[in-house]
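Hi there,

Here is the structure I promised to pass along.

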Amino acid sequence: MKKLKLGKSNINITAMTVGCWAFGGGEYWGAQSQNDVNEVVSAALDAGVNTFDTAEVYNNGASERSLGEALKSRRTEAVIISKISPSNCNSVREHCIASLQRLDTDYLDVYMLHWPINRLSVEHFSSDSSLISAPPTVEKTFHQLEQLKKEGLIRAIGVSNFGCGQMDEALQTGVSIDVNEITYNLVSRAIEADIAPYCMAHDISIIGSMGLQQGLLTGKYRTAAEVPSHQAHSRHFAQESGKGTSRHNEAGAEREIFEVVDALRDIAADLNVEPGQLAIAWMLKKPFIASALVGSRNINQLKANIKACTIEISDATEQALDLVSQPALNALGNNPDYYENSANSRIY
């Protein structure tokens with residue numbers, strides 16, 4: 001498993017990051033066996049995969065507790081990423097300590113701000129009207145993160161879902177940002193226009209999240225009607241496909257994305273790989289992607305994802321997938337916030 005240095009830090013991460021959102025079980029992904037989590041984490045480490053991504057908000061802290069339980073005596077082999085919600089940034093230290101306790105560790109390798117700090121973003125994490133109207137400041141937040149780094153409680157500072165303007169604001173506080181974790185996959189290519197070039201120019205690694213678009217790019221769905229409502233509330237899908245969970249109020253790009261899925265199946269069959277494996281291999285061929293963040297809920301999923309991260313596709317295959325996914329990019333545009341209306345983005 002290939003490793004790359006994370007930004008300007010001395011941390012090396014693997015081409016695959018194990019997404020731990022489902023760990024601990026919860027409403028979004030359903031129940032999750034701790035035995036399966038233990039097996040996945042152990043097998044990932046045995047295979048040389050060292051990077052695990054969680055957050056305080058995932059299953060109300062249960063994801064962190066589950067990951068901590070699974071790592072136990074193997075903590076030093078792992079790179080743990082956790083994230084603080086923007087609504088909690090008036091007390092960064094308190095929330096970092098809580099994450100450390102749930103993970104049963106003395107330090108985080110990477111601590112990220114989960115979303116940029118703005119009113120719309122904070123609204124998704126808090127109903128406190130005073131906090132929404134006067135969110136924490138960027139300066140206060142990143143100075144607190146820098147203090148945690150000086151104390152050795154975190155090794156590197158990261159951001160998640162940040163646009164160029166928001167990365168500029170963060171860097172102007174004087175801190176070093178080593179990574180931006182943000183959505184990137186065959187049907188979510190918005191970062192190519194500005195964010196990826198910005199990150200490359202500033203030595204900020206990109207971890208591509210939602211590498212399989214929450215299961216869509218595994219090829220298991222043939223129509224939008226088959227996609228569970230939680231996984232159908234992004235701008236990829238028409239408002240009604242979200243079955244009441246969507247908030248973007250847009251027409252979606254269902255024809256375009258399922259053309260991608262159909263082509264992905266065909267090309268994958270020709271290469272004798274699974275569609276999801278080809279989608280991840282395509283993603284990792286991009287020079288601006290350091291790691292693909294993919295969920296693995298059991299050993300079989302883990303093995304498939306590990307194989308995907310070792311497949312090297314040809315330039316011709318990459319270009320074919322670029323071409324077939326271009327209409328989806330044209331339809332969805334260069335706004336990387338796939339859950340809000342295009343005119344009302346949390347990312348800028």
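**Cysteines**

Cysteine 96 counts as buried, because its relative accessibility is 0% (buried means under 20% relative accessible area, exposed over 50%, partly exposed in between, with a 1.4 Å probe and protein chains only). Before you read on: this is a predicted model, in which local features need pLDDT of at least 70 and side-chain atom pairs count only at pLDDT 80 or more, while totals for chains, interfaces and linings use all residues. Residues are numbered from 1 along each chain as its sequence is written, and side-chain values use heavy atoms, with hydrogens and water left out.

**The barrel**

The chain has 12 helices and 10 strands; these are DSSP runs numbered from the N terminus, helices being H or I with at least four residues and strands E with at least two. Eight of the strands form a closed barrel in the order 3-4-5-6-7-8-9-10, with parallel pairing (two strands pair if DSSP finds at least two bridges between them). From one strand to the next, the twist averages 30 degrees. Helix 6 (residues 138–150) packs on the sheet, where it touches strand 6 (108–113) and strand 7 (154–160), and its direction makes about 155 degrees with that of strand 7. Axes here are lines fitted to C-alpha atoms, for helices over the stretch in contact, and angles run from 0 to 180 degrees between N-to-C directions; contact means heavy atoms within 4.5 Å.

**Serine 296**

Serine 296 sits in the loop between strand 10 (291–295) and helix 11 (299–308). Is serine 296 buried or exposed? At 1% relative accessibility, it counts as buried. Leaving aside neighbours within four places in sequence, its contacts include Met16, Gly19, Phe23 and Asn305.

**Overall**

Buried residues make up 59% of the 348 residues in the chain. Of the contacts with a separation of 6 or more, 73% join residues 24 or more positions apart. The C-alpha atoms fill a box of roughly 50 × 45 × 40 Å along the principal axes.

Best wishes
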